[in-house]
Amino acid sequence: MIKKNPFVLLFLLVLASCTGTQTTTSETATATKVEAAASPAKTHIDAVRQQFAPDKRVALFDVEPNGNVLRGETNMPEAKADLLKRLQAANVTFVDSIQVLPEAALEGKNQAIVTISVANLRSQPKHSAELATQATMGTPLKVWKKKDSWYLVQTPDHYLAWVDYGGVALMDQTAFNKWQQGKKLIYTKTYGFAHAKADKNATTVSDMVYGDVMVLKNKTKDHYEVSFPDGRTGFVAAAEAMDFKEWVATRKPTEENLVASSKKMLGMPYLWGGTSVKGMDCSGFTKTIFFMNGLVLPRDASQQIHIGELVNTDKGWDELRPGDLLFFGVPAKEGKPERVVHVGMWIGGNQEFIHSAGRVRINSMNPSAENHDASELARFLRAKRVSPEATLVDLREKPLYE
């Protein structure tokens, strides 16, 4: 006979209670999903999402039915308007509880400028979340909502991600316009510092990376006095920065310049989500190459593959030109879609390409070459030639910082 222990009985009661709660929660979640799937609004919501936000990385349409109530949010008022129009035409009864961003709690501060050399933008509003992308100092951002000390923002390449309050200066339209109208400088050295005085031995105000944009206040013999988006001031060596308009005017994305820019980053470390010289993933690397030549590419390899002109590689590599992008991954098979997982840039020579894999390196498609990369050759998908017209932004035609 087993002796009845009160502590054992209590444990069993708690266990039964927890198990019962889990079952109830699971059943509730399942019921909610079934209810949403059965909602007459569901097919219309899915159609609108497919039309306006097929890629959730660059467009927000998070809407679901709960009974006859439409809940969620979007940053596209036109998407919401289209959904309501569809539902009305289909005689579907609904209650509209969809929030259109930016949220009112921002009090009109719907713009932001990156204030540090490189801001880390994450997939969720917490430091432990995956690094989604980066943005350099001076980059203008759209601000959609706030959660604790984090802001959901959208970069000039349309990427949606969360940034910590320490990396941005929030602005209303008036303050944003004033910043944009300031005379800009761009930092052109790979890495350096801004100092509190026109002296390289003075206290540092900020570190700097290629592509950082500041407002010019004054110029001394050897230094620029600059203003940062959050009001700080500092001094940058004149040899390490250029007038932004002059820099833009000198951008020529030729084969030679694209290759030269890529080789300036040889040996730099791989960083998942990185798009700066502090560390870059494969698509962050190609994105940085093109930015250095005045062009803005989409963020990810799976987005970059959809721009530009297809280069025929069926019979080998003869038709490739330096600057062409090479894409790697898993072909579509047995009903599964294609997966694009890597990108590099063709540089010529002995069938060579440059890419960020572990570090920025040069490999070859030629099996007899010492730097041959058999694994990349095995998963090569196709190549694209990207003209300035095919990019998201040509800075020579549409400056982001004015």
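## Questions on the model

Modeller: Start with helix H7, whose buried residues are Cys282, Ser283, Gly284, Phe285, Thr286, Lys287, Thr288, Ile289, Phe290 and Phe291. Keep in mind that this is a predicted model.

Colleague: How many of the residues of H7 are buried?

Modeller: H7 spans residues 282–291 and is mostly covered. Buried here means under 20% relative accessible area. The count for H7 is 10 of 10.

Colleague: H7 lies across which strands?

Modeller: Take the direction of H7 against S23 as a guide: H7 runs at about 40 degrees to it. The strands that H7 lies across are S22, S23, S24 and S25.

Colleague: Which are the edge strands of that sheet?

Modeller: The sheet is open, with six strands in antiparallel pairing. Their order is S21-S26-S22-S23-S24-S25. An edge strand pairs on one side only, and that holds for S21 (309–311) and S25 (359–364).

Colleague: What angle does the direction of helix H6 make with that of S23?

Modeller: H6 covers residues 255–263 and packs on the sheet. It touches S23, S24 (352–357) and S25. Relative to S23, its direction makes about 110 degrees.

Colleague: In S23, which residue is the bridge partner of phenylalanine 327?

Modeller: Strand S22 (residues 325–330) runs antiparallel to S23, and six bridges join them. For phenylalanine 327, the partner in S23 is valine 343.

Colleague: Is histidine 342 buried or exposed?

Modeller: Histidine 342 is found in S23, residues 339–348. Its contacts include Cys282, Phe327, Glu376 and Arg379. The cut-off for burial is under 20% relative accessible area. Histidine 342 has 5%, so it is buried.

Colleague: The side chain of which residue is joined to that of histidine 342 by a polar contact?

Modeller: Among the residues that histidine 342 touches are His355, Ser356 and Ala357. The polar contact has a length of 2.8 Å, and the partner is histidine 355.

Colleague: Why does glutamate 240 count as buried?

Modeller: Glutamate 240 sits in the loop between S16 (233–237) and S17 (241–243). It touches Ile186, Tyr187, Thr188, Lys189 and Phe193, leaving out residues up to four places away in sequence. Buried means under 20%. Glutamate 240 counts as buried because its relative accessibility is 17%.

Colleague: Which side chain makes a polar contact with that of glutamate 240?

Modeller: Tyr187 is one of the residues touched by glutamate 240. The side chains make a polar contact of 2.6 Å, and the partner is tyrosine 187.

Colleague: In the hairpin of S15 and S16, which residue takes a positive phi?

Modeller: S15 (residues 223–227) and S16 run antiparallel, joined by five bridges. Serine 227 stands opposite threonine 233. Five residues lie between the strands. The positive phi, near 100 degrees, belongs to glycine 231.

Colleague: At what angle do the axes of helix H2 and helix H3 cross?

Modeller: H2 holds residues 42–52 and H3 residues 77–89. H2 passes H3 in a right-handed crossing. The contact residues include His44 and Phe52 of H2, and Glu78 and Arg86 of H3. They divide into seven nonpolar, two polar and three charged. The axes come within 10 Å, and the crossing angle is roughly 145 degrees.

Methods
Residues numbered from 1 in each chain as written. Predicted model: local features only at pLDDT ≥ 70, side-chain atom pairs only at ≥ 80, totals over all residues. Heavy atoms only, no water. Axes fitted to C-alpha atoms, helices over the stretch in contact; angles between N-to-C directions. Helix = DSSP H or I, 4+ residues; strand = E, 2+ residues; numbered from the N terminus. Left-handed = near helix turned anticlockwise from the far one by under 90°. Contact = heavy atoms within 4.5 Å. Nonpolar A, V, L, I, M, F, W, Y, C, P; charged D, E, K, R; others polar. Buried < 20%, exposed > 50% of the residue type's maximum accessible area, 1.4 Å probe, protein only. Polar contact = N/O pair within 3.5 Å; in protein donor to acceptor, adjacent residues only side chain to side chain. Pairing = 2+ DSSP bridges.
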